[in-house]
Amino acid sequence: MRSSLLILILCACCGCNGLFRSRYAMDDPKYAEKYEDGAEQWDVWGKAKQALDARHTAGLGGLYVGGGVQVRPESSQVVGGGEIGTEGYITNWLTGRGSLGIYGAEREGYGGVDLGIRVQAPTRIAPFVGVGTFQGVSRTVKSGAFNWEDDDKDGFIDEPGEEYADFDGWLSTFYPEVGAHFWLNGSVRITAYGRYFMTSLGRDLDTWVLGGQINVFSR
Ligand SMILES: [Ca+2]
Ligand SMILES: [Ca+2]
């Protein structure tokens with residue numbers, strides 16, 4: 001984070017163009033209005049302010065796609081998935097978001113609705129903390145070898161290796177979240193996050209979900 005800030009400030013000083021140009025969000029009307037007359041070439045602090053300022057974000061809203069994986073050192077299965085949702089800036093430091101997501105592995109999975117809020121710095125590189133909840137259904141594969149039923153409908157009852165998929169009902173999770181955003185320009189933002197999933201199935205199943213998302217905002 002510190003090195004990224006240094007790069008931004010260095011680029012601001014050098015007036016370099018491209019990804020790290022000092023007036024990065026000129027495609028946003030409010031930002032463009034504010035910095036229509038850019039800082040003078042050797043106005044280092046003026047350039048740095050332009051390069052870091054994201055106070056114009058209040059009122060922005062838009063769609064995002066994202067995805068992540070569960071970090072479970074004790075399991076060889078990788079549970080991963082994706083989501084599509086919408087996020088909006090209530091103020092320039094507070095966003096609300098909601099999405100539909102589905103995550104799975106070969107033998108398990110879950111899908112549902114994700115809702116959350118984030119408190120973030122109104123800056124181009126924006127660390128944030130948040131809280132959220134995921135509500136949905138989960139599915140696991142269980143052994144059907146000892147229940148006197150032909151679970152897989154293959155004409156044999158309780159044959160070796162017989163299994164069936166079971167929906168466990170509602171999976172309800174709550175999570176705190178930490179992460180950081182980076183604005184590519186005035187409308188596109190990329191994000192990396194970590195969420196500590198605490199599920200209704202017990203503390204033994206708590207996991208970290210590491211993920212990312214890309215948002216496209218407009219007014
Ligand atoms: Ca059976
Ligand atoms: Ca069977």
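Let's begin at one residue: Asp206 sits in the loop between E7 and strand E8 (207-218). The names here follow a simple rule: helices (H or I, at least four residues) and strands (E, at least two) are DSSP runs, numbered from the N terminus. What you see above is a predicted model, in which local features need pLDDT of at least 70 and side-chain atom pairs count only at pLDDT 80 or more, while totals for chains, interfaces and linings use all residues. Residues are numbered from 1 along each chain as its sequence is written, and chains are lettered from A and ligands numbered from 1 in the order in which they are written.

Asp206 counts as partly exposed because it has 13 C-beta neighbours inside 10 Å. Leaving aside neighbours within four places in sequence, Asp206 is in contact with Tyr196, Phe197 and Met198, where contact means that the C-beta atoms of two residues, placed from the backbone, lie within 7 Å. Asp206 also shows how a chain folds back on itself: Gln70 is 136 residues away in sequence, yet the two C-alpha atoms are 9.9 Å apart in space.

Now step back to the whole chain. It has 3 helices and 8 strands, and along the sequence they follow the pattern α-α-α-β-β-β-β-β-β-β-β. The C-alpha trace spans about 80 × 30 × 30 Å along its principal axes. The radius of gyration of the chain is 23 Å, whereas a compact globule of 219 residues would have one near 17 Å; this value is taken over C-alpha atoms, and the globule rule is 2.2 Å times the number of residues to the power 0.38. Of the 219 residues, 28% count as buried.

The chain is divided into domain 1 (2-53) and domain 2 (61-218), with bounds that come from an automatic or database domain assignment. The C-alpha centres of these two domains lie 35 Å apart. Their contact takes 10 residues from domain 1 and 7 residues from domain 2. On the domain 1 side, the elements that give two or more residues are helix H1 (2-14) and helix H3 (44-52). By class, that side has 7 nonpolar, 1 polar and 2 charged residues. Here Ala, Val, Leu, Ile, Met, Phe, Trp, Tyr, Cys and Pro count as nonpolar, Asp, Glu, Lys and Arg as charged, and the others, Gly among them, as polar.

Next, the strands. How do the 8 strands close up? They form a barrel in the order E1-E2-E3-E4-E5-E6-E7-E8, with antiparallel pairing; two strands pair if DSSP finds at least two bridges between them.

You can follow the barrel strand by strand. Strand E1 (residues 61-71) is joined to strand E2 (residues 80-91) by 9 bridges, and Tyr64 stands opposite Gly85 in E2. E2 then pairs with E3 over 11 bridges, in the antiparallel sense, and a hairpin of 2 residues links them. Within this pair, Glu83 stands opposite Gly101 in E3.

The covered face of E3 holds Thr95, Arg97, Ser99, Gly101 and Tyr103, while Leu94, Gly96, Gly98, Leu100, Ile102 and Gly104 make up the uncovered one. E3 and strand E4 (residues 108-120) pair over 11 bridges, with 3 residues between them in a hairpin. The bridge partner of Thr95 in E4 is Arg118.

Ala180 stands opposite Ala192 in E7.

We finish with His181, found in strand E6 (residues 163-183). His181 is buried because 23 other C-beta atoms lie within 10 Å. Beyond its neighbours within four places in sequence, His181 is in contact with Gln120, Ala126, Phe128, Arg189 and Thr191. One of these, Phe128, is 53 residues away along the chain, with a C-alpha separation of 7.7 Å from His181.

Methods: A residue is buried if 20 or more other C-beta atoms lie within 10 Å of its own, exposed if 12 or fewer, and partly exposed in between; C-beta atoms are placed from the backbone.
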